[in-house]
Amino acid sequence: MRDLIETALRGHDGDYCEIRIEESASTSIMYRGKELEDIGATTGIGGNVRAAVKGGWGFVSFNDLDDLDEKVSLAVRQARLAAQTETRLAEVEPVVGVAGAEVESDAADVSLADKKAIMDEYVDAAWSVSDKIQTSQIYYSDAHKKKFFANSDGTYTEQDRMYVRTGGVVVARDNGEVQQGRTSRASTSDFNIVRGLHGEFEKAARSAVSLLDAEPAKSGEFTVVLDPTIASVFIHEAFGHLSEADHVYENPKLRDLLVLGDEIASPILTVADSAAEASLSGSYKYDDEGTPSRKNYLIQEGRLVGRLHSRETAGNMNEPPTGNARAITYRFPPIVRMTNTSIEAGETTFEDLLGDVADGVYVVNWLGGQTAMEMFTFRAMEAYAIRNGRLAEPLRGVTLTGNVFETLKNIDAVADDFMWDPGGGGCGKGGQAPLAVGAGSPHIRVAKCVIGGV
Amino acid sequence: MFDQQVLELAEKSTDQAEAFLHSSSTTPAVFQANKLKSLETKDSRSLTLRVIKDGRIGVTSTSRTDDPDAVVRDALASAQFGAEAQFEFPPLGERTEVDVFDSDTPAFPVERMVEAGRELISRLLDYNPDLLIDVSLDKSQSETRISRDGVTDSYMRTGFGMSVSANLIRGTDMLDVFSFDVSCAPEIDMDGLFTEIRDKLELAKETGSVTSGKLPVVFTPIALMLTVGPALGAGFNGKMVEQGASPLAAKLGEKVFDERLSIHDDATLDKRPRSSPFDDEGVPTRRVPLVENGVVSNFLYDLQTAGKMGASSTGNGYRGRGSPSPSSTAAVIGAGDGSMEEIIAGIEEGLLVEYILGGGQSNVLRGDFGGNVHLGFKIENGQLAGRVKDTLIAGNAYEVLANIRQIGGERRWVGGSLYCPPVALEGVTVSTKAS
């Protein structure tokens, strides 16, 4: 493959050119209700050529690997049509590297029959909880992907990745009321995380059933305590996307709002993004431009200290490349993405963090989240009232929303109980979803946050 | 042909086999931050083999073309555990007449796409030089080919689309306005896109705030798609009905909605990007009434789900790859009366919602919708009175559509998936930080 790619790159006459080829094989098992709906394998091969001429890009993707050199010329021709002034890519030392998957237990070594047997038990577990369970969607999936990459700077990388994920949504219904509970687990190294999850699926089902009797949340402004899962979604959605430099570099006003060194959050907040962590959902050794991954601090003690870059955004902003150019598949050019994003642990215990709250809301786990620059909104799966420092009755239908800049400053406590979310997340941007990302956080508290109830 | 080779092999070891081949070529031109960013050519192809063996369904998909034996092996492994087939393949060859191929589209020069993008950006920058504008145009052509029982049927479809979003930042205030238009032919209403963006930016110059509580809320077609859209999409999905998860499951033939409401799903409209002569299972498409004068009249089915329900496929079996599932093509809502101005004129205090953030995050199965008003305007004494911020709306599709305040008379397309007028609803909860 290396010969094939490097030969095709040789003749290009753009400023920059790269080729990425991907081979994949995946398995999925999907149950709707108690019934197995889909089971089987998918295989694929495909690739792309991306070329730059004077700051304009050409991109050609394909399944058919023949005539790669013609695809290179087409990409360069397109780039020339889009040419502007100059191509400014941050310098990255060329590397030749092969990164195997660091696998403890490989999903490929487990038979389809055994995978199905495990999942059958989880479907039974979820449905055993209550006769109010109306339906469920429970899934298992695994994927193996091998990526070959070379660029005209002399970088050549090969990377293997395994990804295994299981989870589901369980829906309960009673007297016209419908509620859901969710769970998920993901790993890039160990098939065994799929085992022994009976309790997790039961918990999701119990959560759905107990929400049936929950009170609707009141609307208004509250002190809100976020559990590690929803806190990590908050930092990903509300702040993380603003730290992606492609939003910033061609937008002078956003550049003014996000000046490195400025105080943009509460001084107890430190946030990092790192693909270099071992074996998390968003981990890798080289990004999709061949740049090595590393840990990047974004906020340190409330100050904006960094942002995430591709080679192009780093080159245009004269900042160091961070290894965050990612593409969900060969059908897309890489764009600036998060990897494993985290809020670092603070010093308050969870009890103390609740203890000061006279009348507030505790939110646990999430159903979804979205942002439009300054505005964010996301939905908690479970929520409880906090009264005089103690958790009280369950609430349903809690949506959090606000302005990110105000909310970051309103974080008044960060707990000491950091955890990486074991579920693995899927992030969407520019039509590329769901991209595997990791997220971690301790419990955090926001002094003022708008809650909208149903 | 690889698909025929795979099918022949599969037929030797199964009771029935079907090859579904989808191939497409798309050419996008992408403008970011007022400048042309990239030109792309994306070719893709995937083969899905579906077999029935000992009464069970096996499915596999691949974009490889090197090993037909492996494809059949994967399908057989799937059939070992697969769902029991509740249908028989209908004969191929029947199709609904619909025009979804325009030869001008593949021939449309990339240079003209680039010109069109530049022109729209320069008109918008003439209006306001502080705008940051993203534009994307794309043309595509695809072929869908289904083979089984010695018969192959196929159709070609073209698509042409343009989308524009304009971003304006003032201090920490960011405003996003967008619009889009699609067709099978390279016939985009550029003036329409320009005027829509300009008018919304003009209206957003003033700000206003509404009181929290239940207010009359006017939803534009895009807002309807983002709010009640996901709820109704799930409610009329035959699979949800079959599972008993749809609140409409037991309501066939009952009046659930306001009697002025009629909705149908229609894949038979010419030049629409989601129309086709037959669905991804080779079943001819048709106009499927879902709500007639408030009465639930049909659900959307593919072959397998219809089989389970003792119903017939409605020609709504669609798939990217893998197994098909029931899917809406284009939802069409019947027009009522009155222009947008007339709808607003009758409202003392209310809200006009253009689009929301977080629309699909609520308890969609229950019919709930909710989210942050991404762009919306206060209605005061029958007039639009400024853009609202920090405002959430929430409601339940089944409740708010049971007693509609007013269905507008002027319909428009939202991309390829919805054709509807603005609708004014009561019973929507509005919450705002300002009050």
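**View 1. Where chain B meets chain A.** In this predicted model, 63 residues of chain B are in contact (heavy atoms within 4.5 Å) with 80 residues of chain A. Together the two chains bury about 6000 Å², with 51% of it on carbon and sulfur atoms; buried area is the accessible area (1.4 Å probe) that two parts lose on being put together, summed over both.

View 2. Five salt bridges (a side-chain nitrogen of Lys or Arg within 4 Å of a carboxyl oxygen of Asp or Glu) cross the interface of chain B and chain A. One to look for joins B:Lys37 to A:Glu312, with the closest N and O atoms 2.7 Å apart.

View 3. Strand E2 (residues 35-53) of chain A and strand E3 (residues 56-62) of chain B pair in the parallel sense over two bridges, pairing being called when DSSP finds at least two bridges. Here you can find A:Thr42 with its bridge partner in E3(B), B:Ser61.

**View 4. Confidence in the model.** Chain B averages a pLDDT (the predictor's confidence in each residue, from 0 to 100) of 94, and 98% of the residues score at least 70. For the complex, the predictor gives an ipTM of 0.89 and a pTM of 0.91.

**Notes.** Residues are numbered from 1 along each chain as its sequence is written, and chains are lettered from A in the order in which they are written. Local features need pLDDT of at least 70 and side-chain atom pairs count only at pLDDT 80 or more, while totals for chains, interfaces and linings use all residues; side-chain values use heavy atoms, leaving out hydrogens and water.

Methods. Helix = DSSP H or I, 4+ residues; strand = E, 2+ residues; numbered from the N terminus.
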